[in-house]
Amino acid sequence: MWNRPRFDLKVRLTLRVAAISAACFAVISAYFLVTADRAAHARIDGIAAIVAKTLELQQGKIQWVASPRSDFPNLDPVSAYVMTPGLCLAFRGTSGDMLQRFCSGAPNPADLPPQAFAAFYRGMFDPGREAARPVVVRGAKLGDVVVSVDPAVQTAEAWHEAGRLMIALAIALPLLCALVYAVLARALRPTRMIRHGLERIAANDLSARLPPFDLAELSAVRDVFNHLAESLDTALAERAELTRKLIALQDEERRHLARELHDEFGQSLAAIRALASSARTTAAQECPSLLSECDGIARTATGMMETLRGTLFRLRPPDVEELGLVASLEGLVAGWNGRSRGETRFSIRFDGAFETLPAAISDNLYRIVQEALTNAAKHAGATRVSLEVTMRAGEIALAIDDDGRSNDPVAKSGMGLLGMRERVAALRGRLSFETGPGGGSALRVVIPISANDQPVLERAA
């Protein structure tokens, strides 16, 4: 499909009004031109009728007085009354020869119309057409009276009648367009407010509301917009509340699982290590050949204990509320630096005061960072991961950058990123994840903080 150019509504409506106005002006001008042409032909027809009647009276007078001397036809008496600039009077005999002809002078060159108008008028009309009337006396035709007007004179008269109107309309059309555009701009000024409100809605600012408008159509749009914003705000609030409850239930299940692993599996591993130590003592006295097997059992139990300790740390991290967000994240980064053994370098930087941060936000931020570092180190294979936490006016921002594989499907759309999105949505924040064409990824999280939300967040935690 063709991509049509997008015009401003004011420009489009102004162009339509201009087109309609131009069409109306053209019709009016055409009407005046047609009227002027008909009037010109009616005038020469009338002059021809008057001259023909005058000549008939002349011939009748000659026959009545039986004058031997005949000056018929004599156009002098009538020409003094009907002659105008550019008019020609002539008498054509029955043989077709012009017996007498009178023509007035040409018009003043200053009154000549533009050449474009003259060419247009000659193409549309016949300004040089003649009007002929027969001269009949006692049933005998003596000839024809021929009346014509110079085409230049008739064209000038038409220009005088309609051309000035066309000039006036040509001047009035731009002024009308400017006036229509100004009126439309004033009438459509509320659309800027509607657009601004939609942009705020798109930016997740559901507190946007539109004021009343004078136009009924825009008032209807305003009512629908405000109702939609309120519905979205309510729906997102209910979704955030449900997500907080699900996350709290998930965290509680993790703590329960960590207790079960610690109490059951951890004690069993400790018992295995104790039995392996006792068996080694016995084997050292009675069967030295079993010492290697006992040491192998002890090493296996020790490795399983280390794995269990790491699992318990991920399932049940240190109490962020007691240690604080800064100390917890520094401990998390230090743990990853220790476990990576130099293969991946983790760094962290803080900017701002985090002591008054609500516990719910601190816990969720810790979980988000924990999942992001896991994705960067294990799935993306990054060698450098930088973390920056910034406290701004009314919001906290989290930025995590790495140089890992940007096309890893797990890092892009895995359950970890989905869990982070759920936590951010529960806090009414924004999350963006971008990957570079040459490798590396950038995670950005912005969570709003307000005095009214803090008690709600703390109760949800």
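Start by selecting residues 13-34: this stretch is 100% helix and 0% strand, with its end C-alpha atoms 31 Å apart. Helices here are DSSP runs of H or I with at least four residues, strands are runs of E with at least two, and both are numbered from the N terminus. You're looking at a predicted model, where local features need pLDDT of at least 70, side-chain atom pairs count only at pLDDT 80 or more, and totals for chains, interfaces and linings use all residues. Residues are numbered from 1 along each chain as its sequence is written, and side-chain values use heavy atoms, leaving out hydrogens and water.

Now jump to residues 165-185, which are 100% helix and 0% strand, with end C-alpha atoms 29 Å apart. An unreviewed UniProt entry annotates 13-34 and 165-185 as "transmembrane region"; such annotations may be inferred rather than shown by experiment.

Next stop: H3, residues 115-124. Which of its residues are buried (under 20% relative accessible area, 1.4 Å probe, protein chains only)? Pick out Phe-117, Ala-118 and Tyr-121. Seen down the axis of H3, they fall within an arc of 100 degrees (taken from the directions from the axis to the C-beta atoms), so they line one face of the helix.

Finally, show H5 (residues 190-202) with H6 (residues 216-286): they pack at about 15 degrees, axes 12 Å apart. That angle is under 35 degrees, so the two count as roughly parallel. For the contacts (heavy atoms within 4.5 Å), select residues including Ile-194 and Leu-198 in H5, and Phe-225 and Leu-232 in H6.

Terms used: Buried means under 20% relative accessible area, exposed over 50%, partly exposed in between (1.4 Å probe, protein chains only). Axes are lines fitted to C-alpha atoms, for helices over the stretch in contact, and angles run from 0 to 180 degrees between N-to-C directions. Angles under 35 degrees count as roughly parallel, over 145 as roughly antiparallel, 65 to 115 as roughly perpendicular and the rest as oblique.
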